[in-house]
Amino acid sequence: MKKDVTLIIDTRSNEKTVITLVSDGMKTEESLQTNHAHSQAVLPLIEKLLARKHFVLGDIRNIEVPVDTGSYTGRRVGAAIAQTLGTLLSIPVNGKPANQPVEIPYDTDRW
């Protein structure tokens, strides 16, 4: 039986990557101190969390990626991974069809 799981990928911090699964109102979270190495940490964290909860990628029905604040590169990494997974799984990302880009506001960034 397939489950209804939401995957949340949070790579906004320069120091920590947080992956959360939400199913039946229950949240399960896994985090790792990454020190700018988000791209190498996200997929293993997702895999570890799915295995711990006895879920498979096909159970994921939605992906959320917070992009409102945080590290410029971190937000881009999270959005890219979320969109790639959304496209591969044919599921929405931030409530939009997977083939639509994740909008990342940059008006608060300081250069």
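The following questions and answers concern a predicted model.

Student: What is the order of the four strands in the open sheet?

Tutor: The pairing in this open sheet is mixed. Strand 3 (26–33) and strand 4 (60–64) each have a single partner strand, so they stand at the edges. Read across the sheet, the order is 3-2-1-4.

Student: In which sense do strand 1 and strand 2 pair, parallel or antiparallel?

Tutor: Strands of a sheet pair through backbone hydrogen bonds, in one of two senses. Strand 1 covers residues 5–10 and strand 2 covers residues 16–23, with six bridges between them. Aspartate 10 stands opposite valine 18 in strand 2. The sense of the pairing between strand 1 and strand 2 is antiparallel.

Student: Which strands does helix 2 touch as it packs on the sheet?

Tutor: Helix 2 is formed by residues 72–89. Its direction makes about 155° with that of strand 1. The strands touched by helix 2 are strand 1 and strand 4.

Student: Is histidine 54 buried or exposed?

Tutor: Histidine 54 is found in the loop between helix 1 (38–52) and strand 4. Histidine 54 has a positive phi of about 60°, although it is not a glycine. With a relative accessible area of 68%, histidine 54 is exposed.

Student: How many residues apart in sequence are the parts tied together by arginine 12 and aspartate 68?

Tutor: Arginine 12 forms a salt bridge with aspartate 68, and their closest N and O atoms are 2.8 Å apart. Arginine 12 lies in the loop between strand 1 and strand 2, and aspartate 68 in the loop between strand 4 and helix 2. The pair therefore ties together parts whose separation in sequence is 56 residues.

Key
Residues are numbered from 1 along each chain as its sequence is written. This is a predicted model: local features need pLDDT of at least 70, side-chain atom pairs count only at pLDDT 80 or more; totals for chains, interfaces and linings use all residues. Side-chain values use heavy atoms; hydrogens and water are left out. Two strands pair if DSSP finds at least two bridges between them. Helices (H or I, at least four residues) and strands (E, at least two) are DSSP runs, numbered from the N terminus. Contact means heavy atoms within 4.5 Å. Axes are lines fitted to C-alpha atoms, for helices over the stretch in contact, and angles run from 0 to 180 degrees between N-to-C directions. Buried means under 20% relative accessible area, exposed over 50%, partly exposed in between (1.4 Å probe, protein chains only). A salt bridge is a side-chain nitrogen of Lys or Arg within 4 Å of a carboxyl oxygen of Asp or Glu.
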